[in-house]
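Hi there,

Here is the structure I promised to pass on.

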Amino acid sequence: MVKSALTEHKITNFMMETINSSKQAIALEDKYGAHNYHPLPVVLAKGEGVYLWDVEGKKYYDFLSAYSAVNQGHCHPRIKDALIEQASTLTLTSRAFYNDVLGPFEKYITEYFGFDKVLPMNTGAEAVETAIKIARKWGYEKKGVAEGQAKIIVAEQNFHGRTSTIISFSSDANARKNFGPYMVGFERIPYDNVAALEKALENPTVVAFLVEPIQGEAGVYTPAEDYLRQSAEACRAKNVLFIADEIQTGIARTGSLLAVCGNCTCERHCERQASYTKPDILILGKAISGGFYPVSAVLADDPIMDVIKPGTHGSTFGGNPLGAKVAMTALEVVRDEQLALNARKLGKIFRERMQLLVDKYSILKLVRGKGLLNAVVVNDSPDSSTAWDMCVKLAENGLLAKPTHGNIIRFAPPLVMTEEQLHDCCDIIERVVKEFEK
Ligand SMILES: *Cc1c(COP(=O)(O)O)cnc(C)c1O
């Protein structure tokens, strides 16, 4: 059979393109990819520890950590080795059968965080969906709410992911507009406001309160010291589940293993600490795999998790041996390298140095955060391009950060950073801020 010229032409076009310049890579993404993001004009080609390199070989400090997914640093050698070894052995079986890594992973992660059971998923949004499903089912089968009536309380300015259910209770117009009809059964209340929560809890059909211990996407809104504890207690008094979405704040990011650990820096969960607020359901994602593989998890104790029975929930990839092995190793790295302690120590230094800039330069309004999840608010309107322009300048000076909500810059480096590197980064930020001071 003779191939037509047209067929030949198409076949040659299927060859993978090699990237030689940032410009070429950006043009390809622009032409062939959906425009669902607005990236800074930097094309990354390599990562190691706290560093990233672009296509042209320019080196940067990473100050975003893929939204806190690479707390362990880029291409951590131990996690990489675990991935390669498991990838050469067994990657996916589905849950139609048992596999020999899932059980050890489930034991490891439940002991690590102090829960009876885990339900493994892949992405953060899926884990949030899973928690919502568990909470509703628990509400009907354990609390006795009439079927179809369950309400879940959420906070203003929340970010829990991008599925149609989750965006239904978002207060971000961009995330919602023209994606309706929306899922019912959610009530939004102001964040960091226990009185508002107590009022919403008066409704007997409420089954859960879903909250971020620190609102990362919203601009690192850090609530009052006792907000989580008081919220959890208010929920408990009304037999309502307290669900912590620690997808961004968890795994040592905020200077303790979990943000709900309060002031505890131990590298393994413990309930002895007075500052600890145990959630009824804990949602993890992002850094649980150190940036190697999508892994997320929902943790709860038996009286809650046992509403899940065969056939009620699942995922083809959830709990696969590759993800399970990677996640176990990524959590071991967090513990062995004492990343929570380092995040706490460096976070303090970072905020101190940023506070000096805030005091000195009127272009900065304030710094806030906990551990190495911090944000600097630029003293300009959210509609201004100042924060964006600053991030472009920071990139030119070798530091990658991204603005959020117009005038807020989130600063969240990998937790393996050294004190010397952090000071180097603060020097870069100071240089750039100085340039913007009029
Ligand atoms: C990133 C994030 C999610 C969503 O995770 P994906 O893996 O992007 O689906 C949910 N909640 C919080 C707090 C997050 O930071």
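Helix 15 gives the largest share of the lining of the largest cavity, three residues. (Helices are DSSP runs of H or I with at least four residues, strands are runs of E with at least two, and both are numbered from the N terminus.) Please keep in mind that this is a predicted model, where local features need pLDDT of at least 70, side-chain atom pairs count only at pLDDT 80 or more, and totals for chains, interfaces and linings use all residues. Residues are numbered from 1 along each chain as its sequence is written, and side-chain values use heavy atoms, without hydrogens and water.

What is a cavity here? On a 1 Å grid over the protein atoms alone, it is a set of points where a 1.4 Å probe fits but cannot get out, and lining residues have an atom within 4 Å of a point. Points are joined across faces, edges and corners, and a volume is the space filled by probe spheres set on them.

The structure holds two cavities of 30 Å³ or more. The largest cavity has about 60 Å³ of space, and its lining includes M354, F411 and V433. Its eleven lining residues are nonpolar, with no polar and no charged ones (nonpolar means Ala, Val, Leu, Ile, Met, Phe, Trp, Tyr, Cys and Pro; charged means Asp, Glu, Lys and Arg; the others, Gly among them, are polar).

The second largest cavity has about 40 Å³. Among the residues lining it are F105, N122 and G319, and the lining divides into eight nonpolar, four polar and no charged.

Happy exploring!

How values were computed: On a 1 Å grid over the protein atoms alone, a cavity is a set of points where a 1.4 Å probe fits but cannot get out, and a pocket is an open set with protein on both sides within 12 Å along at least five of seven lines; lining residues have an atom within 4 Å of a point.
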